[in-house]
Amino acid sequence: MDLVLNILKSVLYGVVQGITEWLPISSTGHLILMRSFLPMHVYADAASNENFWNMYKVVIQFGSILAVLLLYFKKLNPFNPRLKEAKKKSIYRLWVMILIACVPAGIAGILLDDLVDSVLSASWVIAATLIIYGVLFIWLESKEHRYTVETVKDITPKKALGVGAFQMLALIPGTSRSGSTILGATVLGFNRSTATEFSFFMAIPVMFGASLLKIIKADIAITAASVTVLLVGCIVSFIVSVFAIRYLMQYIRRHDFKIFGVYRIILGIIVLLFYFTGVIA
């Protein structure tokens with residue numbers, strides 16, 4: 001019975017992860033808040049449950065990575081024999097820009113991983129970052145922009161590293177990895193579609209590396225129940241992510257990001273109210 005309940009909870013976590021990973025509203029923040037109302041008890045002791053959760057909330061993102069690889073396989077695969085040499089070189093160059101952009105967050109993630117789990121996952125921190133970045137999105141979208149990067153081909157190493165620096169901010173739950181990278185890319189002159197697309201691509205090595213790090217560091221006994229719960233979350237996250245990515249790319253062709261800024265502020269205020277009234281820890 002407990003396994004069935006945990007699987008059902010993992011389905012809900014997968015749905016939320018699949019939606020919120022790609023929208024600039026913080027997937028990790030949503031998962032941490034959900035845990036206050038829907039805790040999973042996969043292990044009998046509290047310490048193992050906590051260790052499992054710290055792994056689960058990151059590794060579940062692996063399903064989202066697979067969605068990006070599926071939808072953008074042709075654009076990211078340089079090994080297609082039908083491609084002309086110039087196109088292959090263009091894809092190799094794109095991968096170099098992606099890897100450059102991931103260096104800052106990769107280093108910071110390794111150094112600050114324990115700090116994020118022990119200190120920065122507090123409810124009030126999530127609320128504050130939700131509100132702050134919500135205000136920034138509304139402010140940024142209210143300004144006029146001059147775009148210098150209109151396709152991924154226009155991305156330079158300097159621009160890629162700049163976006164990567166913004167991605168480091170996403171280590172703080174509630175910030176949003178896609179939110180910080182899209183915000184940073186927009187500041188650096190990317191148009192909305194290119195900023196969003198490059199944010200998707202940056203997620204591949206970052207999420208893969210973060211998932212691998214969490215699995216290596218996980219101090220728990222691997223059981224059939226824990227593997228099942230994790231796999232269910234990843235699979236659901238993958239399926240939902242496919243639709244979420246398609247929706248977001250269609251949405252930004254006609255709209256700006258202000259609505260996400262408003263959502264973040266409202267959610268941040270609700271979290272603060274829950275925090276101060278003791279509803280959540």
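## Starting with Arg 35

Is Arg 35 buried, partly exposed or exposed? In this predicted model, Arg 35 has a relative accessible area of 23%, so it falls in the partly exposed class. Its salt-bridge partner is Glu 50, with 3.0 Å from N to O. Those two residues sit 15 apart in the chain, Arg 35 in helix H2 (residues 27-37) and Glu 50 in helix H3 (residues 46-59). Glu 50 is partly exposed too, at 35% relative accessible area.

## The salt bridges overall

The count comes to four salt bridges. Besides the Glu 50 and Arg 35 pair, two others are worth a look here, and helix H10 has a residue in each of them.

## Lys 75 and Glu 197

Lys 75 pairs up with Glu 197, and their closest N and O atoms are 2.8 Å apart.

## Arg 192 and Glu 141

Over at Arg 192, the side chain meets that of Glu 141 in a salt bridge, 2.8 Å from N to O. Here helix H10 supplies Arg 192 and helix H7 (residues 123-141) supplies Glu 141, with the two residues 51 apart.

Glu 141 is the buried end, at 12% relative accessible area, whereas Arg 192 counts as partly exposed at 24%.

How values were computed. Residues are numbered from 1 along each chain as its sequence is written. This is a predicted model: local features need pLDDT of at least 70, side-chain atom pairs count only at pLDDT 80 or more; totals for chains, interfaces and linings use all residues. Side-chain values use heavy atoms; hydrogens and water are left out. Helices (H or I, at least four residues) and strands (E, at least two) are DSSP runs, numbered from the N terminus. Buried means under 20% relative accessible area, exposed over 50%, partly exposed in between (1.4 Å probe, protein chains only).
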